[in-house]
Amino acid sequence: MRHGESSARRGALVVLVVFWLSLLGTASSVWAQSPYQATFTLGIGGRSGCLVCHSDQNMARLTAGRNISYYINEEVLNSSVHKDISCLACHTDFTYGTPHRAKSNWKKVASEACKNCHKNAYQRYISSAHGSRAPEAKRPTCGGCHGSHAIGSQLATQTAASLLYGQSSAATAFHLSGQKMCGRCHQAATDSYSDYYHGAAYKNGAPDAPACWDCHGSHKIYGVRSKNPSVAEMDLVEACGQCHAGVTKDFLSYTPMIHGSERIRSENLLWRSVRPVTDWLAGTKELLMSVARSLFP
Amino acid sequence: MPEINVWLDMIFTTVFVLVVIVFSVHLLFNFLTGRMYRRFVKGEWPTHDAPLRMLPKFLHFQHVVCMFGLAFSGMYIRFPFFAGGRTAMRYLHYFLMIVVIVNLFARLAYAFVGRHKDRKQFTPTMRDVKVAPGVVLYYIFMRPTKPHVDHYNIMQKLVYIVFALLLFVQAFTGFSLLTTVFGINIQPLFLWWTGPIGIGVAAGAAYSRIIHYIINWVFIIVTVIHAYLSVTEDYPAFTEFFGFGSANYDFSGGHGHEPAAHGAVITGHGSEETA
Ligand code: HEM
Ligand code: HEM
């Protein structure tokens, strides 16, 4: 009885040793080939796994002559409102393989991912000029306006805005970012936004002057002269009424000024007649300045 | 509406520049006709027969400060000429508008009640009207002397009365631009007239703003003239009014408004040229 028991034990030990040895062999052969060849085994439920590689500041790839960084600043991530969401919640096309070779339109993928949580905003966006009419190549994604890893991040918006306007509050900072944000595609509209009280004040950091989206809407963006039935014609009475009490149609006669102040000014008869004088004065000033500069370098 | 606003900017800037040019020419004539020489070198200044009192001087000083602050902050609200000043300039305007209104009422109280009430100094009389052409001719160098029948000449009287009236209109139009004050909707108080003329409240406020802006320019232009004349016509009184000098006094009588001079036009006073 005792002999039988010990031989059974020995047999089990041999099986165990063989098992461990073969496991070690497989692992070491994988290790020897490449650190990346395996099925993805790092923790991906959170983000610590991804950051094993992506927290390396030198992580970059040369693509079509451009050095594209794949570095993710954890500090920025931590300051974002999405800090508790796993990487894969947005990067839904992750291939569970390394390196992630699959061609991915990650911007598009990410914005598609937004709708999983932000359904209403997405519905409005997709039926707006931005979501449906803008040419595919230029179509703004969620991240295009809201940012990505730093989304809603106090740190990032504050830094950006304090650089821009010397503002310290994140809300003010976001409010004032319209000129840059929308200006990337709508340069002419942001340049011409310089009327009294609204545009000129906005560009000079007035926290209560309307940002682009205060009149044009945000997710369901309004083209003011939009003829597309899918985008409702902007109701100006309603738009101006957000700030002005008692708006009626007669109040709207001001609206051409909002993006047209420069044009209206330059077409003014009196301005056109005094223009030669002011130009001459400006020229004389320039001449005097250059003389002064050459005399006192 | 946009065109009106642009026109106002253009018209008033042009008028302002023209006024500066006209008064520069006026200053030149002051030199050419020897008026400046007689005043600043020989010390021939108008004489005052009553002391300039402390309270009006103080109120005037405060008034000047307020008006400068209001014009500056108001212009900033319309033309934000530096970054980040909106909130500060608004509150500066809101603060000074209260001070200036209190000041206005204080000055009116001083003028109408109390021992030193001086409203008569500001009331135009028939004699003022009679000598008005002479006053104008003096200022445009068509006449060597200024008719002198009262403490203030007719142009001063009119300007000071207009200042007070305009300030009331300015306060009214200004308040109509505020929708709520401490959570209370004050529009019914200042925009009640929009209903009867059939426009919306917001449009009414826009018209108020236009009037407020016009008066702002009237103040700026008239004050520039007022300050220029106060320095060039009666520098000693100017220094005394701002607390760093003394006006020229002559308490021996002989002023145009003395009983002896009733009906007469007294000339050859103080700085005036001898023909
Ligand atoms: C007398 C009492 C006054 C009151 C109650 C008053 C009130 C106001 C208010 C509420 C505003 C609008 C501010 C805003 O948009 O946030 C304003 C604007 C303005 N104020 Fe006054 N203000 C007064 C006197 C003055 C004076 C004396 C001046 C000039 C000498 C002046 C010049 C201006 C200007 C230029 C604006 C901007 C107008 C525009 O937006 O086109 N204000 N005022
Ligand atoms: C730089 C600015 C100003 C200067 C140098 C100045 C100078 C003077 C002087 C010297 C007098 C006294 C005249 C006399 O009694 O012989 C006077 C009176 C007066 N000024 Fe001005 N002034 C200025 C701005 C203003 C402004 C902004 C206003 C109102 C909008 C104003 C309104 C008056 C009035 C109503 C009087 C009558 C006397 C009184 O108020 O007690 N002034 N000014």
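Start by selecting B:Phe182, which sits in the loop between strand S1 (180–181) and strand S2 (184–185) of chain B. Keep in mind that you are looking at a predicted model. Check the backbone here: phi of B:Phe182 is near 50°, a positive value in a residue other than glycine.

Which other phenylalanine is worth a click for its positive phi? Go to B:Phe141, where phi is near 60°, again in a residue other than glycine. You'll find B:Phe141 in the loop between helix H6 (126–139) and H7 of chain B.

**Step back to chain B**

Now show chain B as a cartoon. There are 10 helices and 2 strands to pick out. If you trace the chain along its sequence, the pattern reads α-α-α-α-α-α-α-β-β-α-α-α. For a sense of scale, the C-alpha trace of chain B spans about 60 × 45 × 35 Å along its principal axes.

**Two helices of chain B**

Next, select helix H4 (residues 86–112) and helix H7 (residues 154–175), both in chain B. How are these two helices arranged? They pack at an angle of about 145°, and their axes are 11 Å apart. Turn the view until you can look through one helix at the other: H4(B) passes H7(B) in a left-handed crossing.

From H4(B), color B:Met97, B:Ile98, B:Val100, B:Ile101, B:Leu104, B:Phe105 and B:Leu108. Their partners in H7(B) are B:Ala164, B:Leu167, B:Phe168, B:Ala171 and B:Phe175. Color this contact by class and you get 12 nonpolar residues, with no polar and no charged ones.

**Where chain B meets chain A**

Bring chain A into view and select the residues where it touches chain B. The contact draws 30 residues from chain B and 26 from chain A. Between them, the two chains bury about 2300 Å², and 64% of that is on carbon and sulfur atoms. On the chain B side, pick B:Pro2, B:Met10 and B:Arg86: these lose the most area to chain A, together 25% of what that side buries.

Now for the links across the interface. How many salt bridges does the rule find between chain B and chain A? There are 2. To view a salt bridge between the chains, zoom in on A:Asp208 and B:Arg90, whose closest N and O atoms are 2.3 Å apart.

Which elements of chain B line up against chain A? Helix H1 (2–32), helix H3 (54–78), H4 and helix H9 (201–233) of chain B each supply at least two residues of the side that touches chain A. H1(B) gives the most, with 8 residues. Color that side of chain B by class, and its residues divide into 17 nonpolar, 8 polar and 5 charged.

**Last stop, in chain A**

Over all chains, a search of the whole structure finds 12 salt bridges.

Terms used. Residues numbered from 1 in each chain as written. Chains lettered and ligands numbered in written order. Predicted model: local features only at pLDDT ≥ 70, side-chain atom pairs only at ≥ 80, totals over all residues. Heavy atoms only, no water. Axes fitted to C-alpha atoms, helices over the stretch in contact; angles between N-to-C directions. Helix = DSSP H or I, 4+ residues; strand = E, 2+ residues; numbered from the N terminus. Left-handed = near helix turned anticlockwise from the far one by under 90°. Contact = heavy atoms within 4.5 Å. Nonpolar A, V, L, I, M, F, W, Y, C, P; charged D, E, K, R; others polar. Buried area = accessible area lost by both parts, 1.4 Å probe. Salt bridge = Lys/Arg side-chain N within 4 Å of Asp/Glu carboxyl O.
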